[in-house]
Amino acid sequence: MSNFLPFTKPSIDEATIAAVADTLRSGWIASGPKVQEFEKQLSAYFGGRPVRTFNSGTCTMEIALRIAGIGPGDEVITTPISWVATANVILEVGATPVFADIDPATHNIDLDKVEAAITPKTRAIIPVYLAGLPLDMDRLYAIAQRRGLRVVEDAAQAIGSTWKGRRIGSFGDFVSFSFQANKNLTTSEGGCLVLNNLDEARLAEKYRLQGVTRSGFDGMEVDVLGGKFNMTDIAATIGLGQLPQLSAITARRHQLARHYFTTLGSEFEAQTGVQLPVADFECGGVASEMPGTHRPSPCGWSSNWHMFQIVLPEGIVRADFMEKMKARNIGCGVHYPSIHLFQLYRARGFHEGMFPIAERVGRQIVTLPLFPAMTEMDVERVCAAMCEILSK
Ligand SMILES: *Cc1c(COP(=O)(O)O)cnc(C)c1O
């Protein structure tokens with residue numbers, strides 16, 4: 001029987017591993033020159049915008065909300081289909097999370113529903129680019145501008161994704177990325193925040209390390225309440241090794257995603273009732289014609305194919321499907337159950353029936369294996385297993 005195929009696996013090359021060993025021997029293992037160099041290279045990658053690194057992609061969003069002055073009494077609109085961190089950071093700063101249901105095709109927040117959810121207390125929107133697929137960025141920022149709202153983009157999954165040819169992170173308001181182990185670019189744990197100007201960057205540095213500012217040789221002052229969120233040089237060394245490989249990583253993910261569509265064929269959705277992800281191939285990314293008659297790409301979007309996610313039809317119990325895949329040595333993931341149905345959120349008044357699309361997708365979505373070291377044969381094995389299970 002073939003080896004177990006996980007749904008994801010990081011790609012870290014030997015040169016990066018050797019560089020980490022050098023950093024460990026260098027004497028600088030906490031935040032030092034590697035962090036500064038990584039921030040410099042990230043800033044260049046994001047078109048020169050200021051970038052600061054952190055020890056997670058969660059605290060990046062919390063800090064963005066603090067910089068924007070968002071707190072008790074303020075409402076922040078976000079999606080119910082995300083990693084729970086996206087909503088938790090709103091609670092963390094004392095603000096009120098307001099959910100808006102998702103678009104059934106993209107599984108990203110529905111901008112019509114965002115507009116409908118805006119009240120006089122709304123201060124910000126946190127959109128999420130699920131699996132790396134961006135939103136209609138023109139419309140997102142048109143809404144934010146018209147209603148005077150800040151945007152904290154949860155681009156945790158979207159490094160390498162583009163919108164109308166521009167990298168996510170190279171434009172917009174606050175843009176937050178995660179470098180957690182499963183993400184397309186990893187530092188084991190970590191994250192970065194793209195900011196608008198140096199004043200915001202200086203404030204981000206304060207929130208990152210206990211609110212401390214230093215001046216001169218021994219001057220030190222604390223004027224805001226910060227935390228302990230700095231990235232280490234060990235993590236930054238991994239990031240410096242990953243960054244030059246990002247375009248190859250993204251291209252390989254595109255190839256594998258395309259191979260899923262080709263292998264499953266144009267009749268797969270009609271035959272099984274399974275929903276495949278939105279294909280973005282026609283409009284950027286790796287240009288090449290797509291076989292089959294899958295959903296047309298919304299022009300302008302280019303995903304980094306962080307995940308390849310399907311939605312099972314209502315009649316299939318997800319846990320059974322995953323169990324049967326596991327019996328065939330294939331790992332699947334769940335990203336994610338709808339946040340508003342967790343106890344922490346139910347206790348704040350959320351309940352079933354409020355966001356029906358998110359509830360259905362949260363129950364039926366499955367992440368199939370997709371990572372750069374996978375082979376075309378692995379993709380075919382996943383497709384064959386899936387077809388066999390669904391035809392029974
Ligand atoms: C990974 C992730 C986060 C959190 O990032 P951490 O680095 O684990 O804190 C937030 N939002 C989304 C959508 C994510 O995928």
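Hi everyone, let's start with two helices: the axes of α2 and helix α8 (residues 233-242) come within 8 Å of each other and cross at roughly 35 degrees. Before going on, a word on the source: this is a predicted model, in which local features need pLDDT of at least 70 and side-chain atom pairs count only at pLDDT 80 or more, while totals for chains, interfaces and linings use all residues. Residues are numbered from 1 along each chain as its sequence is written, and side-chain values use heavy atoms, with hydrogens and water left out.

Helices (H or I, at least four residues) and strands (E, at least two) are DSSP runs, numbered from the N terminus. Axes are lines fitted to C-alpha atoms, for helices over the stretch in contact, and angles run from 0 to 180 degrees between N-to-C directions.

Back to our helices. The crossing of α2 and α8 is left-handed, a term used when the near helix is turned anticlockwise from the far one by less than a right angle, with clockwise giving right-handed. Which residues of α2 and α8 meet? On the α2 side they are P33, K34, V35, E37, F38 and Q41, and on the α8 side D233, A236, T237, G239 and L240; contact here means heavy atoms within 4.5 Å.

A second pair is helix α9 (residues 246-264) with helix α14 (residues 376-391), packed at an angle of about 35 degrees with axes 9 Å apart. The crossing of α9 and α14 is right-handed. From α9, R252, L256, H259, Y260, T263 and L264 make the contact, and from α14, E376, V379, E380, V382, C383, M386 and C387.

Now to the sheet. Seven strands form an open, mixed sheet in the order β1-β9-β8-β5-β4-β2-β3, where two strands pair if DSSP finds at least two bridges between them. At the edges are β1 (51-54) and β3 (96-99), each pairing on one side only. On average, neighbouring strands are turned by 25 degrees against each other, direction ignored. Inside the sheet, β2 (residues 75-78) and β4 (residues 122-126) run parallel and are joined by four bridges; T78 has I126 as its bridge partner in β4.

Helices lie across these strands too. Helix α4 (residues 85-92) lies across β2, β3, β4 and β5 (150-154), at about 145 degrees to β3. Helix α6 (residues 137-147) lies across β4 and β5, at about 145 degrees to β5.

Let's finish with the rings. How many aromatic pairs does a search of the whole structure find? It finds eleven, counting rings of Phe, Tyr and Trp (its six-membered ring) whose centres lie within 6.5 Å; planes under 30 degrees apart are stacked, over 60 edge-to-face and the rest tilted. F38 and F179 have ring centres 5.6 Å apart and planes at 50 degrees, so this pair is tilted. F38 sits in helix α2 (residues 33-45) and F179 in the loop between β8 (174-178) and β9 (191-194), 141 residues apart. Are they buried or exposed? F38 is buried at 0% relative accessible area, and F179 is buried at 0% as well; buried means under 20%, exposed over 50%, and partly exposed in between (1.4 Å probe, protein chains only).

F99 and F350 form an edge-to-face pair, 5.0 Å centre to centre with 70 degrees between the planes. F99 is in strand β3 and F350 in the loop between α12 (343-346) and α13 (356-364), so the pair ties together parts 251 residues apart in sequence. Ring pairs link F99, Y345, F350 and F355 into a cluster.
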